[in-house]
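The following note is intended for a colleague who is meeting this structure for the first time.

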Amino acid sequence: QDHLSGSNQLLEGGTMAIVKSEDKPMVEDPSSLSYAQMSQLKLYESELWKKACRNSAYLIKEIHYNTFAREWRCVWSEDDDKRSLTELQRVLEEVALPALRRVQGVLSVQRVVCGCNKEFKVISKLALDAFEDWSGMQFYPEEELVRRWHGIEGVSKIEVETYTLEPVFGPGK
């Protein structure tokens, strides 16, 4: 039987249990699919191993994910020729990147800078199992990064957030 990816099981309290991808088929009843849908499914299955992480989960039936992202963000100031933005980049290069390169299972790290809203964001994407391990390390180097950001004049609204991150279109899909 062909299997696409795993699912989660909703436990009491609304928490999700992540199960191995080979434990549950993506489509419960393949006979309900049209020929075109079945062909697409087969093609997707044949290429999935190249793109997908081993574990996956569902928020709801229609929303699948296999990666989490941890975002560190803040607002910078135009003052002093955007000095706070320069300092944020320096902290990224000196603190975050060397440490994140040593975190097992990091799939990508992105920096986002918004000139309109003056936002600076660092987004680290990991597979579910690697993310769980990283959370056990208190998202190292998050504490040091946030501490250094607090010390930069002109930086405000420092926040962290965890969310799912799943490509829906394009080369990463």
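1. Strands β6 (residues 106–114) and β7 pair in the antiparallel sense, with 8 bridges between them. The two strands form a hairpin with 4 residues between them, and within the turn K118 has a positive phi of about 60°. C114 has E119 of β7 as its bridge partner.

2. The model under discussion is predicted. The protein chain has a mean pLDDT of 82, and 77% of its residues reach 70 or more. Over residues 1–23, however, the pLDDT is below 50, although this stretch has 58 contacts in the model beyond near neighbours in sequence.

3. Strand β7 (residues 119–127) also pairs with β5 (residues 67–75), an antiparallel arrangement joined by 9 bridges. In this pairing E71 stands opposite I123 of β7. Of the 9 residues of β7, 8 are buried, so the strand is largely enclosed by the rest of the structure.

4. How are the buried residues of helix α3 arranged about its axis? In this helix, which covers residues 128–136, L128, A130, F131 and W134 are buried. Seen down the axis, the buried residues of α3 fall within an arc of 155°, and they therefore line one face of the helix. E132, D133 and G136 are exposed on the other side of α3. After the helix comes Q138, with a positive phi near 55°.

5. The loop between β5 and α2 (79–100) contains S77. With a relative accessibility of 13%, S77 counts as buried. Leaving aside residues up to four places away in sequence, S77 touches K82, S84 and G154.

6. The structure holds 11 salt bridges. One of them joins E161 to R73, with the closest N and O atoms 2.9 Å apart. E161 lies in strand β8 (residues 156–164) and R73 in β5, so the pair ties together parts that are 88 residues apart in sequence. E161 is partly exposed at 34% relative accessibility, whereas R73 is buried at 16%.

7. Other salt bridges lie within single helices. E94 and R90 are both in α2, 4 residues apart, about one turn of the helix; their closest N and O atoms are 2.9 Å apart. Both count as partly exposed, E94 at 46% and R90 at 33%. In α4 (residues 142–150), E144 and R147 are 3 residues apart, and the closest N and O atoms of their salt bridge are 2.7 Å apart.

8. Which residues are linked in a network of salt bridges? They are E87, R90, E94, E144, R147 and R148.

Conventions: Residues numbered from 1 in each chain as written. Predicted model: local features only at pLDDT ≥ 70, side-chain atom pairs only at ≥ 80, totals over all residues. Heavy atoms only, no water. pLDDT = per-residue confidence, 0-100. Contact = heavy atoms within 4.5 Å. Buried < 20%, exposed > 50% of the residue type's maximum accessible area, 1.4 Å probe, protein only. Arc of directions from axis to C-beta. Pairing = 2+ DSSP bridges. Salt bridge = Lys/Arg side-chain N within 4 Å of Asp/Glu carboxyl O.
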